[in-house]
Amino acid sequence: MADSVKLLDAPAAHTRVAPISTPASSKSKKVHYPFWFGGSASCFAAAVTHPLDLVKVRLQTRAPDAPRTMVGTFGHILRHNGFTGLYNGLSAALLRQITYSTTRFGIYEELKSRVAKPSADSSSTSPGFLTLLGIACTSGFIGGFVGNPADVLNVRMQSDAALPPAQRRNYRHAFHGLTQMIKTEGVTSLFRGVWPNSTRAILMTASQLTSYDIFKRLCIEKVGMSDNVGTHFTASFLAGFVATTVCSPVDVIKTRIMSASAAESRGQSIVSLLRDICRKEGLGWTFRGWVPSFIRLGPHTIATFIFLEEHKKLYRRLKGI
């Protein structure tokens, strides 16, 4: 009997050891996500928040007799352009996310995974704040440059209906707009405002992606929250608030430059534009459209990171990780 018990216990002990070693080996495995996940998540988010982005652009470029409030601008668009008017320029917005967001998210995640250090109890340890900041600035600059043509189109198509009929460009969709810009204004028109746009992209990526990673880490390590949708929502909401505040002044300048025609912008530097704006509008211009910017960027940031985390969760599930 004693021998039979030993024979029965031996396999049982063996089967208890095997499952323990398997997760340990898989846990040390670094997960490498596809480059395009950030762009895909941003496209889903843009489709949800586009009307808010449209209102933000209209407020930043409004004429003196145009509505001054977000609600008034919504009402004006609905009265004059109908419900579909809230989605003017959607094709350009999606093209912008495909180029700009795919680039900045992809480079950020790639560099972050490369500098992450292996840890004994987990797959890797997250880089420090300054490292994340440097990675974000680099990926933001490249993303801003790559996405500039689509960003110019996005601003123009969103503000087009607010212009007098004689001044409207009437781009039918993003690719029609690209060809018209090249045909009538030259290739250089695709990179109008590229420096303020790249500056904004640096600030946006640094404040949005870095702060999200930091807030998420604080929620899990300091507050004791789990890595779930609630944590992703909290971290992305706070990241959206930080990003809106940091980017507001540059966002206004970028929108003004991109919405201007070639004749209006000829010979005018950013310094002279700043001087004119400050003389006419005071320092209040720096946060013009902040409320609609946050109402747009807050949900957009939340939706982007939740979609991104769900992309990653589904990828791990499909790969059996």
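1. Among contacts in the protein chain between residues at least 6 apart in sequence, what share joins residues at least 24 apart? The share is 79%. Keep in mind that this is a predicted model.

2. Confidence comes next. The protein chain averages a pLDDT of 82. Of its residues, 84% score at least 70. Among the elements, helix 5 (residues 129-146) has the highest mean pLDDT, at 94. Helix 1 (residues 2-27) has the lowest, at 44.

3. Over residues 4-28, pLDDT stays under 50. For these residues the model has 4 contacts beyond four places in sequence. Where pLDDT is low, predicted coordinates should not be read in detail.

4. The overall make-up is helical: the protein chain has 12 helices and 0 strands. Read along the sequence, the pattern is α-α-α-α-α-α-α-α-α-α-α-α. The chain has 321 residues, and 43% of them are buried.

5. Helix 4 (residues 90-115) deserves a look. Helix 4 does have a kink of about 30°, centred on S101.

6. R96 sits in helix 4. Is R96 buried or exposed? R96 counts as buried because its relative accessibility is 7%, against a cut-off of under 20%. Leaving out residues up to four places away in sequence, R96 touches S101, A150, D151, N154, R200 and R296.

7. T102 is another residue of helix 4. T102 has a relative accessible area of 14% and is therefore buried. Beyond its neighbours within four places in sequence, T102 is in contact with F35, W36, G39 and Q97.

8. Turn to helix 2 (residues 37-60) and helix 6 (residues 148-159). Their axes come within 9 Å and cross at roughly 80°. Helix 2 is therefore roughly perpendicular to helix 6. On the helix 2 side, the contact is made by H50, D53, L54, V57 and R58. Helix 6 supplies N154, V155, Q158 and S159.

9. What angle do the axes of helix 6 and helix 7 make where they cross? They cross at roughly 100° and come within 10 Å. The two helices are therefore roughly perpendicular to each other. From helix 6 come P149, V152, L153, R156 and M157. In helix 7 they meet A174, G177, L178, M181 and E185.

10. The last point concerns Y315, in helix 12 (residues 290-319). How far apart are Y315 and Y33 in sequence and in space? They are 282 residues apart in sequence. In space, the C-alpha to C-alpha distance is 7.7 Å. Y33 is one of the residues that Y315 touches.

11. In review, two items stand out for a reader of the model. Residues 4-28 have pLDDT under 50 throughout. Helix 6 takes part in a crossing with helix 2 and in a crossing with helix 7.

Note on methods. Residues numbered from 1 in each chain as written. Predicted model: local features only at pLDDT ≥ 70, side-chain atom pairs only at ≥ 80, totals over all residues. Heavy atoms only, no water. pLDDT = per-residue confidence, 0-100. Helix = DSSP H or I, 4+ residues; strand = E, 2+ residues; numbered from the N terminus. Contact = heavy atoms within 4.5 Å. Buried < 20%, exposed > 50% of the residue type's maximum accessible area, 1.4 Å probe, protein only. Bend = angle between axes of the 7 residues up to and from the residue. Axes fitted to C-alpha atoms, helices over the stretch in contact; angles between N-to-C directions. Parallel < 35°, antiparallel > 145°, perpendicular 65-115°, else oblique.
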